[in-house]
Amino acid sequence: MTDLQDSKLTEFEDNDQNPVGFGRMLRKEDARLLRGRGRFVDDVQLPGMLHLAILRSPFAHASIVSIDTSAAEASPGVKAVVTGETLKGLGLAWMPTLSNDVQAVLATDKVRFQGQEVAFVVAEDRYKARDALELIDVEYDVLEPVVDVRKSLAPDAPIIRTDLEGKADNHVFDWETGDEEETNRVFASADVVVKEDIVYPRVHPAPMETCGSVADFDPVEGRLRLWSTTQAPHAHRTLYAIVAGLPEHKIQVIAPDIGGGFGNKVPIYPGYVLSIVGSIVTGKPVKWMEDRSENLISTGFARDYIMRAEIAATREGKILAIRTNVLADHGAFNGTAAPVKYPAGFFGVFTGSYDIQAAHCKMTAVYTNKAPGGVAYACSFRITEAVYLVERIVDTLAYELQMDPAELRLKNFIQPDQFPYTTKTGWVYDSGNYEPTMRLAMEMAGYDELRKEQAEKRARGELMGIGIAFFTEAVGAGPRKNMDILGLGMADGCELRVHPTGKAVVRLSVKTQGQGHETTFAQIIAEELGIPPADIDVLHGDTDNTPFGLGTYGSRSTPVSGAAAALVARKVRDKARLIASAMLEVSVADLDWVKGAFQVKGDPGKSVTIQEIAFRAHGAGDLPDGVEGGLEAQICYNPSNLTYPHGAYICVVDIDPGTAEVKVRRFIAVDDCGTRINPMIIEGQVHGGLTDGVGMALMEMISFDEDGNCLGASLMDYLIPTALEVPDWETGYTVTPSPHHPIGAKGVGESATVGSPPAIVNAVVDALKPFGVRHADMPLTPSRVWDAMRGQATPPI
Amino acid sequence: MQVPAPFEYERATSVDQAIGLLERLGSSARLVAGGHSLLPMMKLRLANFEYLIDINDLHGELGYIRLSDDEVRIGAMTRHRELLESDVLAGVFPIFRDAERVIADPVVRNRGTLGGSLCQADPSEDLSAVCTTLDASCVIRGPGGAERVVTMEEFHVGPYETAVADNEILTEIRLPRKSFKVGSAYAKVERRAGDWAVVSSGAAVWLDAGRIVDARVGLAAVGPNTTGIPEISAALRGHEPSEELYRLAGAIAARSCDPVTDTRGSADYKRHLADELTRRTLRTAVERARS
């Protein structure tokens with residue numbers, strides 16, 4: 001057990017520095033959340049509200065022969081029972097996915113994954129609704145499922161998407177990036193080529209709060225209010241308008257407090273739509289709150305890539321080229337949440353942080369009888385997979401060259417003077433300075449001493465491993481010309497209003513799921529205007545009260561919305577300058593901005609504060625010519641590029657040679673996310689992501705049996721890590737500002753989830769070097785590590 | 001929130017009153033003690049009972065650890081936390097503290113009970129392995145105050161099945177003490193803190209003049225039942241403890257168990273762990289007996 005030491009208490013004190021701008025401060029939202037005063041979707045209670053429960057398919061693949069709902073309809077307290085046939089009549093049985101596929105809202109013809117929505121019951125309470133589900137009699141004709149993704153394109157594979165006209169296979173898309181010919185040429189002449197099959201298994205975001213909604217349709221006004229667990233309220237509103245044919249101005253989507261998202265709450269799930277249908281059918285507000293098992297088996301999964309990776313290098317360790325062939329399992333419907341022109345998300349950054357000559361990727365995505373999804377779990381649109389691929393294959397190269405993996409990376413980094421750097425797959429990295437980040441991590445770890453300790457331990461037969469991962473992330477989608485979700489450009493609005501007394505309210509299009517937006521955005525405004533964060537209210541998550549924007553995922557809040565907040569504050573400041581010049585009776589050019597006040601050049605005694613200006617803007621008397629009353633502004637920010645944070649992670653593990661249990665002893669994480677707004681919040685996000693990484697590397701995986709039954713339907717079976725599996729995180733930072741972001745900030749929310757799995761796996765594989773292990777796939781459970789120790793490592797799927 | 005099917009609920013006021021309720025309601029009723037296995041199963045609708053009889057108010061009657069010269073008696077309602085924290089118990093059979101440290105988490109340990117754990121009869125259950133290791137006997141009370149005492153082997157009828165009839169309650173566990181130096185230990189491999197065992201092993205050793213007069217090993221999660229392995233006891237009796245002997249015991253454990261491959265690990269790995277953990281716990285048990 002760990003004791004709370006004095007040094008830790010000092011750290012807590014340091015977190016409360018009352019900055020007027022950037023710096024450590026406690027989170028404004030925590031007073032509410034920690035005292036149980038948060039208001040989540042399941043806390044919403046409306047007069048006359050009914051409860052909805054969903055009947056789900058027990059089979060992975062089966063035709064629906066008949067459904068008898070009569071007994072359920074007669075069950076006490078039941079108000080409505082609805083099947084796919086009813087929805088078909090309303091034209092609502094199918095809905096578009098975020099990737100231009102369609103997905104069943106309720107199954108009509110057949111079910112395509114275990115847990116798929118088949119019917120729903122609305123009843124007086126959730127017990128009665130759940131009880132009535134058992135009275136619905138569905139006759140299925142069970143079909144052979146496609147479970148093994150490697151066999152999905154076999155000529156005799158059952159066809160899953162019989163709903164798509166003329167569909168004769170389970171193929172979703174092919175995708176390619178890079179220069180195949182050039183890459184082949186470089187590979188052909190390289191001294192060394194290393195090839196490895198690398199699997200990133202299917203995992204689940206498993207947020208603490210499951211998905212749910214409360215729909216309240218007012219038939220008189222034709223108005224729909226929908227409280228839902230959404231990371232993107234505005235995008236959802238527009239999609240409901242398009243799908244359901246409701247006028248957009250009559251739809252209000254409210255995302256109240258959200259208990260974790262990690263990408264799980266980006267898609268529109270059938271349950272949200274069903275609650276709307278339920279409210280329309282019954283004329284009452286209807287709540288749907290999925291249970292844990294439903295969340296785990298039916299909502300957006302992540303990863304599920306089988307990657308053949310190859311790396312070419314000189315004998316001296318200069319990396320020349322990387323190529324990969326990927327088989328992607330997209331489940332029964334292509335529900336990937338990614339910009340439309342990027343079916344593989346941002347996987348194209350698989351060339352990592354290295355200056356190489358050529359790269360190429362070919363990907364095939366397929367349907368299987370598993371839940372749909374594909375981008376979720378803090379993955380920055382598939383960068384998690386890309387970084388895992390490159391950091392694993394670079395380590396296998398180090399293994400073959402018998403070279404230190406840190407030295408190999410240092411030798412191949414993109415150099416500071418090469419930025420902005422265009423990769424061989426066309427991504428323009430905005431800024432980076434990799435070596436100091438790497439050196440700092442090595443220094444914090446005591447890298448040379450660790451290697452010495454490892455050598456001594458190996459001589460005694462003990463298993464210790466040191467793993468390194470260096471990542472470059474690409475976060476903050478758009479720009480809108482390249483990036484859109486179903487035609488909605490990836491840009492974000494922001495509105496700022498300063499009240500007469502100098503307090504302010506800022507309205508965001510993005511939505512926190514726990515990341516601390518109410519603090520971070522107040523600090524951005526504070527930094528620009530000199531108004532204390534405590535005086536700034538941050539509103540978000542309600543489409544009626546906030547400007548349009550695409551929402552929070554892919555670490556885009558600070559890169560996009562954070563830029564909008566800074567720029568809208570500057571607009572307000574520009575106006576304040578005009579008013580100040582009138583108040584001080586000097587020309588605008590004679591004013592200096594000193595955070596929170598304008599003062600006359602050369603006469604610091606003559607100044608007006610932003611609060612005084614705010615009152616003047618609303619007060620008696622004339623304003624300068626052409627200046628309207630009030631002190632407010634709005635903006636829509638379209639980023640010119642993504643931001644590219646980077647980081648160096650070092651993990652130290654010990655493995656029990658007798659039981660093959662892995663213990664993560666130390667983890668050093670040095671992150672560079674450009675300008676740091678609230679270091680405490682950054683560290684908190686990094687801690688969370690590193691913990692996620694321990695989960696994925698060591699225990700998490702959604703597995704299926706041969707019939708397509710999901711074997712991870714509860715948190716007893718689908719394991720997520722606890723505080724006992726993680727070490728005391730050691731974090732550090734460097735600062736390389738983004739050149740195009742107004743305050744130089746880059747996203748950081750997903751960095752640690754992206755960077756930690758390869759560091760941990762590299763450490764485990766390093767520990768197993770005495771057994772001649774060059775690669776072992778996640779999850780590295782004791783049983784799988786034991787297999788690897790005996791030279792019998794197998795892919796998990 | 002996962003919601004169970006409808007059920008009726010009653011709080012028992014005494015053991016005999018609870019037995020009376022069971023007698024009346026038969027197999028449609030179930031006792032709930034800590035509830036940390038039963039309630040999740042009901043919420044998942046894997047278990048559906050018409051009646052729940054809550055026996056938490058019987059903790060005063062059935063929550064105790066009593067030490068005498070020839071045995072330790074533990075009441076069935078004794079909670080995990082009490083087993084973990086009992087210095088008396090740790091002094092005699094430290095295997096309990098070893099095991100309780102790796103059972104679930106503090107929230108579960110605050111509520112879960114010894115009797116509940118045994119009656120759940122999950123093949124991966126830790127306290128069943130501990131009780132098997134210590135050659136425990138189980139006191140079962142029925143209508144009219146009739147008591148019968150069964151061995152652990154008799155108690156476990158099969159996975160999730162025990163010798164306790166519909167109208168009976170497990171009231172007490174008795175652990176025999178012998179007039180020799182005793183040491184005991186428990187070890188568990190789990191994928192994550194609080195998870196069910198991949199494999200776990202308990203060992204107890206009684207020494208006289210440096211020789212093993214008796215030794216027992218109990219394994220969990222490697223077969224349908226948590227049973228002792230008499231062949232190990234026979235192989236160890238009369239010998240001086242040695243690494244070679246532990247290896248022999250480990251080999252017997254590995255070949256005597258019957259694990260299956262599942263998401264916790266392969267059958268081969270579990271067999272290996274039966275070997276490895278048997279050796280480890282025997283080694284620790286002997287060290288403790290000697291100290």
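Predicted model: local features only at pLDDT ≥ 70, side-chain atom pairs only at ≥ 80, totals over all residues.
Chain B comprises 291 residues, and its secondary structure amounts to 13 helices and 13 strands. The C-alpha trace of chain B extends over about 55 × 45 × 30 Å along its principal axes. A compact globule with 291 residues would have a radius of gyration near 19 Å, and the value for chain B is 19 Å, so the two agree. Among contacts in chain B with a separation of 6 or more, 65% are made by residues 24 or more positions apart.

Helix α9 of chain B covers residues 126–133. Eight of its eight residues are buried, and the helix is therefore largely enclosed by the rest of the structure. The buried positions are B:Asp126, B:Leu127, B:Ser128, B:Ala129, B:Val130, B:Cys131, B:Thr132 and B:Thr133. After α9(B) comes B:Asp135, which has a positive phi, near 55 degrees.

The contact between the two chains involves 25 residues from chain A and 20 residues from chain B. On the side of chain A that touches chain B, two or more residues each are supplied by α5 (126–133), α9 (292–298) and α19 (782–789) of chain A. Of these elements, α5(A) provides the largest share, four residues. By residue class, this side of chain A consists of nine nonpolar, eight polar and eight charged residues.

Notes
Residues numbered from 1 in each chain as written. Chains lettered and ligands numbered in written order. Buried ≥ 20, exposed ≤ 12 C-beta atoms within 10 Å, placed from the backbone. Rg over C-alpha atoms; globule rule 2.2 N^0.38 Å. Contact = placed C-beta atoms within 7 Å. Nonpolar A, V, L, I, M, F, W, Y, C, P; charged D, E, K, R; others polar.
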